[in-house]
Amino acid sequence: MIAVGVLTPFAAFDNAVSSFFANAFGISTGLLLTGGIAALLVAYTALYLAVALQSVGAGLERVTPSISGAARLLARGPWDVLRRVHLPLIAPSVLTAALLVFVDVMKELPATLMLRPFNFDTLAIAANNYASDERLSWAAAPSLAIVAAGIIPCILLIRGIAASAHGKDVP
Amino acid sequence: MQRTAPSGFRRAGFGVGELLIESGGPTRDFSKHLFNTLTLAAAAGAIVTAGALVLAFVRKERPRSIAGRARPSPRSAMRCRAR
């Protein structure tokens, strides 16, 4: 659903820009947005923003308003406060959000299948292609790679959570 | 703490590993697929996390600016009070 929602306006924009340049200057711009990974990244943002927002929001909730207030009293702007004060404090939450999105995007199939550029196959698409062709043994390598690449961030997350639960510094 | 993988997971892993050995290793496009996947996941992770950070920060600093009700103007507040 999200893939179709992203593809429709992006394709319309690409067509409009392409026809304008073809009529005005006689050159073809091609597919500017749908020909690359821009449409994919927009779809991933729509899909996984809630996951990242939950983790980052929980981290920001722990920062008391007095800390922001103290920074603002020192004549710092809001973005400077975010960069110099909030970001170091919530770095573990931000890292957790990035890892969660990374793992989810690695194994994402439907949106990638619909929005990927030509000749741009990921491991999930390769595994799907081989499995749909009944070449199950060929699908083993990409499948295992997806699992392995998903497990490493999870191990890091679990170790970080366990370390913070025991009062140690998060790696 | 349980240190060994659950048997269901191990069995599936061994099964897929057997298939991998049977196929004679990864295909020649494997490294290209792996590079595409890692590039895409890293880019998406960075962009989505940066977006979430900005959104959460703006929501914390100005709670009414995103997904919140705008403050009513004094005139509409007076009208509501009169009703």
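Me: In what order do the elements of chain B run from the N terminus on?
Reply: They run α-α-α. This is a predicted model. Chain B comes to three helices and zero strands.

Me: How much of chain B counts as buried?
Reply: Chain B has 83 residues, and 17% of them count as buried.

Me: What pLDDT does chain B average?
Reply: The average for chain B is 77. A score of at least 70 is reached by 67% of the residues.

Me: And where in chain B is confidence lowest, and where highest?
Reply: Confidence is lowest in helix H3 of chain B, residues 74–82, with a mean of 64. The highest is in helix H2 of chain B, residues 30–61, at 91.

Me: What about the complex? Which ipTM and pTM does the predictor give?
Reply: The predictor gives an ipTM of 0.82 and a pTM of 0.77.

Me: How many residues does the contact take from each chain?
Reply: It takes 30 residues from chain B and 36 residues from chain A.

Me: Which helices of chain B supply at least two residues each to the side that touches chain A?
Reply: Helix H1 (7–23) and H2 of chain B do. The largest share of that side comes from H2(B), with 23 residues.

Me: How do the residues on that side of chain B divide into nonpolar, polar and charged?
Reply: The side of chain B that touches chain A has 19 nonpolar, eight polar and three charged residues.

Me: Over to chain A. How far does helix H5 reach?
Reply: H5 of chain A covers residues 91–106, which is 16 residues. From its first C-alpha to its last, H5(A) reaches 22 Å. That is close to the 22 Å expected at 1.5 Å a residue.

Me: How many residues of H5(A) are buried?
Reply: In H5(A), 13 of the 16 residues are buried. That helix is mostly covered.

Me: Next, H7 and H8 of chain A. At what angle do they pack?
Reply: Helix H7 (residues 123–132) and helix H8 (residues 140–165) of chain A pack at about 145°. Their axes are 8 Å apart. H7(A) passes H8(A) in a left-handed crossing.

Me: Which residues make the contact?
Reply: From H7(A), A:Leu123, A:Ala124, A:Ala126 and A:Ala127. From H8(A), A:Pro142, A:Ser143, A:Ala145 and A:Ile146. The residues of this contact of H7(A) with H8(A) divide into seven nonpolar, one polar and no charged.

Me: Why does A:Tyr130 count as buried?
Reply: Because A:Tyr130 has 20 C-beta neighbours inside 10 Å. A:Tyr130 lies in helix H7 of chain A.

Me: What is A:Tyr130 in contact with, leaving aside neighbours within four places in sequence?
Reply: A:Tyr130 is in contact with A:Arg135, A:Trp138 and A:Ala139.

Me: And how far apart are A:Tyr130 and A:Leu32?
Reply: They are 98 residues apart in sequence. In space they are 30 Å apart, C-alpha to C-alpha.

Me: Now loops. What is phi for A:Asn119?
Reply: A:Asn119 has a positive phi of about 60°, although it is not a glycine. A:Asn119 is found in the loop between helix H6 (110–115) and H7 of chain A.

Me: Where does A:Glu134 lie?
Reply: A:Glu134 lies in the loop between H7 and H8 of chain A. Phi of A:Glu134 is near 65°, a positive value in a residue other than glycine. A:Glu134 counts as exposed because it has 9 C-beta neighbours inside 10 Å.

Notes:
Residues are numbered from 1 along each chain as its sequence is written. Chains are lettered from A and ligands numbered from 1 in the order in which they are written. This is a predicted model: local features need pLDDT of at least 70, side-chain atom pairs count only at pLDDT 80 or more; totals for chains, interfaces and linings use all residues. Axes are lines fitted to C-alpha atoms, for helices over the stretch in contact, and angles run from 0 to 180 degrees between N-to-C directions. Helices (H or I, at least four residues) and strands (E, at least two) are DSSP runs, numbered from the N terminus. A crossing is left-handed if the near helix is turned anticlockwise from the far one by less than a right angle, and right-handed if clockwise. Two residues are in contact if their C-beta atoms, placed from the backbone, lie within 7 Å. Ala, Val, Leu, Ile, Met, Phe, Trp, Tyr, Cys and Pro count as nonpolar, Asp, Glu, Lys and Arg as charged, and the others, Gly among them, as polar. pLDDT is the predictor's confidence in each residue, from 0 to 100. The expected span of a helix is 1.5 Å times one less than its number of residues. A residue is buried if 20 or more other C-beta atoms lie within 10 Å of its own, exposed if 12 or fewer, and partly exposed in between; C-beta atoms are placed from the backbone.
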